[in-house]
Every structure is written in C-alpha cells, then in structure tokens.
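Please look at the sequence and the structure shown below before reading on.

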Amino acid sequence: MTEEVRLERLVPDEIRAALKRRSLVFITLGTVEWHGAHLPVGLDALTAHGLCLRAAEAAGGLVLPPLFFGTGGGHGAYPWTIMVPPDQIEPLIMASLARLQDFGVQKAVLFSGHFAETQITMIERVASRWNAGGGPLAVLALAVNQCTDCGFAPDHAALFETTLLAALHPDLVKLHLLPPVSTAPALDPDDNPMGPQRHDPGHPLYGIFGPDPRTFRMSQAEPLLGAMVNWLLREVRES
C-alpha cells in the first residue's frame with residue numbers, strides 16, 4: 001500500500017516520521033482559470049498537486065494542499081477565471097515557508113502548474129528572497145512547463161494539458177463537450193494554434209492555445225506522466 005503523502009491527512013506523529021525519512025515538502029500552486037469547455041478551471045493546481053504526489057510517493061517527502069489562486073496570463077477576462085495580484089499571494093507562501101522552517105523542514109519546492117510569466121517570476125522571486133536569508137530551509141521554484149524532455153510542448157488547455165490531466169484525473173477530461181472535428185475544424189489561419197483567433201468565443205477551440213486536444217490519445221497519458229515525475233525528481237535531487 002502506498003504511503004500517504006498528503007500532509008493534511010496525517011497526524012503529527014506521521015508527519016514527523018515522514019520528514020525524518022526525507023525532509024522535503026512540496027507547495028503546489030495553480031490558478032482558477034478557463035481551460036476550454038472540456039477541462040476544469042482548477043486544472044493547473046490539480047496537475048501540479050498530482051505530479052508532486054507521485055514524486056513524493058516515489059522518493060519521499062510530503063505535499064501541502066494546493067493553492068488554487070494564481071496570477072498572470074492572457075485569460076483574466078475569460079469566464080470563471082480569477083486572477084489575484086502577486087502581492088496578495090506571496091505573503092501566504094512566505095508564511096508557509098516560515099512555519100515549515102520552524103518545524104525543521106530542510107527543503108521546500110514551490111511547484112506551479114500555472115506557468116504564466118508573472119506566476120513563474122513570483123515563485124522565483126519568493127525562492128530567491130527566502131534563500132538570501134541564509135536559513136536552514138532551502139527553497140526551489142519550478143513550473144510544469146520547464147520539463148523539456150517529456151515529448152510534449154507546453155500549451156494552454158490543448159494537447160499537453162489535456163493529456164497530463166487525463167493521466168491524473170481521467171474522469172475530469174470531457175472532450176465530448178468540444179464540437180467534433182468533422183463539423184467544426186479549427187481552420188486556424190496559417191495553421192497557427194496560438195493565434196488571436198483562439199480568443200474568439202465563436203472559435204471551436206475558444207481559449208485553447210496549442211495543438212487540437214481532440215487528437216488526444218489515452219495511450220500517451222501514462223508515458224507523459226512518468227516523464228514528468230522523473231524530471232521533477234531529478235530537479236529536486238540535483239538542486
């Protein structure tokens with residue numbers, strides 16, 4: 001049976017025992033954001049949290065509950081999207097790091113499934129500021145899009161994010177809610193899946209930026225997840 005690594009589900013003795021085996025805590029971040037008609041708005045936190053759970057199960061450490069509120073990106077005006085200024089998020093992260101250090105944790109990983117430039121800059125800034133203090137807790141900032149050998153290019157609600165979520169939560173991927181290719185092909189100018197036409201609510205792939213998720217194959221999901229977890233473990237180990 002897999003050891004429980006979700007910190008919120010453990011009693012204090014279990015937390016202490018897990019951290020004695022490996023003194024590492026993952027802090028996962030996402031956002032509440034439109035991800036097409038076929039994916040949940042909490043996708044970014046769900047994928048970040050899921051990847052960190054797999055990593056902790058494989059090599060030790062614990063995972064805090066995900067922080068679903070994030071910042072930045074080009075979807076602020078989309079339906080069911082809530083963006084929060086960085087200066088309202090950073091104090092939550094800093095307070096969490098301070099308490100983890102009080103508890104004797106040696107390493108924390110800020111891992112974001114939302115990879116808007118503003119969000120990545122935010123977690124890197126927090127990590128840099130924290131590490132400059134010279135305390136015993138070391139902080140590493142990473143984001144889902146930084147894996148370069150997983151076989152997929154990062155995207156927004158397109159083939160990469162659809163496939164990754166399918167590996168973790170297949171029941172949350174609802175491709176049947178997108179119109180079929182046969183009656184609603186993408187017809188992107190110059191076959192550009194990143195163009196401004198995808199901001200048009202009338203486009204069949206409204207708010208989806210990247211390869212058409214309707215080409216998704218479940219057979220690619222587990223290999224992608226495995227590659228992402230292995231990459232994350234390497235980054236944590238080598239930092």
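Strands of a sheet pair through backbone hydrogen bonds, in either a parallel or an antiparallel manner. In this model, four strands make up an open sheet with parallel pairing, and their order is β2-β1-β3-β4. The edges are taken by β2 (62-63) and β4 (138-143); each has a single partner strand, so one side of each lacks a neighbour in the sheet. Strand β1 (residues 24-29) and strand β3 (residues 107-112) run parallel and are joined by six bridges. Within this pair, I27 has L110 of β3 as its bridge partner.

**Helices on the sheet**

Helix α3 (residues 86-102) lies across β1, β3 and β4, and its direction is at about 170 degrees to β1. Helix α6 (residues 221-238) also packs on the sheet, where it touches β1, β3 and β4. The direction of α6 makes about 150 degrees with that of β4.

**The nonpolar core**

Which residues have the most contacts inside the largest nonpolar core? They are F26, L51, L97, L110, F111, M228 and L232, in a core of 73 residues. Helix α6 gives the most to this core, namely nine residues. The surroundings of F26 can be listed in detail. Leaving aside residues up to four places away in sequence, F26 touches C52, A55, A56, G60, L62, V63, L64, V109, L232 and V236.

Is helix α5 enclosed by the rest of the structure or left open? Of the 10 residues of α5 (residues 159-168), 10 are buried, so the helix is largely enclosed by the rest of the structure. Among these buried residues are F160, E161, T162 and T163. The buried residues of α5 pack against α2 (43-59) and α6.

Two packed helices are described by the angle between their axes and the distance between the axes. For α2 and α5, the angle is about 55 degrees and the axes are 10 Å apart. The two helices α2 and α5 are therefore oblique to each other. Helix α2 passes α5 in a left-handed crossing. On the side of α2, the contact is made by L43, D44, L46, T47, G50, L51 and R54. On the side of α5, E161, L164, L165, A167 and L168 take part.

**Two residues of one loop**

The loop between β2 and α3 contains P66. F69 is also found in the loop between β2 and α3. With a relative accessible area of 24%, P66 is partly exposed, and F69 counts as partly exposed at 39% relative accessibility. Again leaving aside residues up to four places away in sequence, P66 touches T28, A45 and H49.

| Residue pair | Separation along the chain | C-alpha separation |
|---|---|---|
| P66 and L46 | 20 residues | 7.6 Å |
| F69 and Q88 | 19 residues | 9.9 Å |

**Summary**

In summary, the predicted model holds an open sheet of four strands with parallel pairing. Helix α5 is largely enclosed by the rest of the structure, and its buried residues pack against α2 and α6.

How values were computed:
Residues numbered from 1 in each chain as written. Predicted model: local features only at pLDDT ≥ 70, side-chain atom pairs only at ≥ 80, totals over all residues. Heavy atoms only, no water. Pairing = 2+ DSSP bridges. Contact = heavy atoms within 4.5 Å. Axes fitted to C-alpha atoms, helices over the stretch in contact; angles between N-to-C directions. Core = buried A, V, L, I, M, F, W, Y, C linked by side-chain atoms within 4.5 Å. Buried < 20%, exposed > 50% of the residue type's maximum accessible area, 1.4 Å probe, protein only. Parallel < 35°, antiparallel > 145°, perpendicular 65-115°, else oblique. Left-handed = near helix turned anticlockwise from the far one by under 90°.
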